Amino acid sequence: MIQRRDLMLAVAAAGSTLPVFMSASAASSSEESSREKPRADQFALALGGGAAKGFAHIPVLEAMDELGVRPAEIVGTSMGAILGSFYASGLSGREIRDFTVELFTRKSQLFQKLFLTDGRTWSSLLNVGRPAIIDPVVLFETVFPSGLAEKFSDLDIPVKIIATDFYTQSEVVLEKGPLLPAIAASSALPMLLTPVEIDGRVLIDGGFVNPSPFDVLRQDGYLSIAVDVTGAEFVTRPGLPSGMETWIGSFSITLHSLVAAKLACTRPDLLIEPPVGRFKAMDFFKIEDILAAAEPAKDTFKRGLEALWNQP
């Protein structure tokens, strides 16, 4: 862990302006009185869901590497659970960037990965007879990097993953057992990815209950830093959206509305909102544009962390 003096020097060298999309606020006095004040070097990171827009988390992961700091824990929803698990498994922010950019800019290589070569057939991945077309566990086993931890207990940083219990319509926090099924459950967008059954519960995408799960961090007494990728700086397009765009867009609207409603009641100690609202949830092949738009989040994180660690 680097010393605070070193952090301030690194932040001072990072730039001279603070991006306007950063919003940081102290917790309410009632919340502060109900939890012990955390040590200056304790912070936890919440990475929210947003499908392709979740690539905007990567500059924040890189910022932590550049400063030499690590969160005490990570909580993630959907794409946030994926990237957070990569990072907690030991991949650096730069390695995550390189992996995801290569995966989604070399389409032929991606499709080659999907031609299963381990003896499984296409029917294990695609099956129109299931509740959704694609089995997320098989998909992720096929395309994820080899360094992913097998179990939560194997992670370098503790991780909590948010999923939705389909039948009880409630939030489920996964933090033990096999890691990949938990990630798959948190990312199981209905109609596209099959629900995942864990411990007798049928689980779907965690974005339906908690798309930006910084409130889960509050329970553990750390300074909370949240990266919300549900949208900022939206744009209007001419014409009507397609049926698929309407369906996926409706899901994005739901996520954004849930985050807005929660922020009206409580806020993390530091909120970072990369301006990726102009991108669509399924813009995976625009990863380089998303990363470029989110790059200022790196400086936002550095300056925001400095402010948190120097508050009285």
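This is a predicted model: local features need pLDDT of at least 70, side-chain atom pairs count only at pLDDT 80 or more; totals for chains, interfaces and linings use all residues.

Student: What makes 53% of the 312 residues count as buried?

Tutor: Buried means under 20% relative accessible area (1.4 Å probe, protein chains only), so 53% of the 312 residues fall under that cut-off.

Student: Why is the set around Phe-55 and Phe-301 called a nonpolar core?

Tutor: A nonpolar core is a set of buried Ala, Val, Leu, Ile, Met, Phe, Trp, Tyr and Cys residues joined through side-chain atoms within 4.5 Å. The largest such set has 77 residues, and Phe-55 and Phe-301 have the most contacts inside it. Helix H4 (residues 79–88; a helix is a DSSP run of H or I, at least four residues) gives the most, with seven.

Student: What is Phe-301 in contact with?

Tutor: Contact means heavy atoms within 4.5 Å. Leaving aside neighbours within four places in sequence, the partners of Phe-301 include Phe-43, Met-64 and Ile-272.

Student: How do you know which classes line the largest cavity?

Tutor: Ala, Val, Leu, Ile, Met, Phe, Trp, Tyr, Cys and Pro count as nonpolar, Asp, Glu, Lys and Arg as charged, and the others, Gly among them, as polar. The lining is Gly-50, Lys-53, Val-229, Thr-230, Ser-252, Leu-255 and Ala-281, so there are three nonpolar, three polar and one charged residues. A cavity is a set of points on a 1 Å grid over the protein atoms alone where a 1.4 Å probe fits but cannot get out, and lining residues have an atom within 4 Å of a point.

Terms used: Residues are numbered from 1 along each chain as its sequence is written. Side-chain values use heavy atoms; hydrogens and water are left out. Buried means under 20% relative accessible area, exposed over 50%, partly exposed in between (1.4 Å probe, protein chains only). Helices (H or I, at least four residues) and strands (E, at least two) are DSSP runs, numbered from the N terminus. On a 1 Å grid over the protein atoms alone, a cavity is a set of points where a 1.4 Å probe fits but cannot get out, and a pocket is an open set with protein on both sides within 12 Å along at least five of seven lines; lining residues have an atom within 4 Å of a point.
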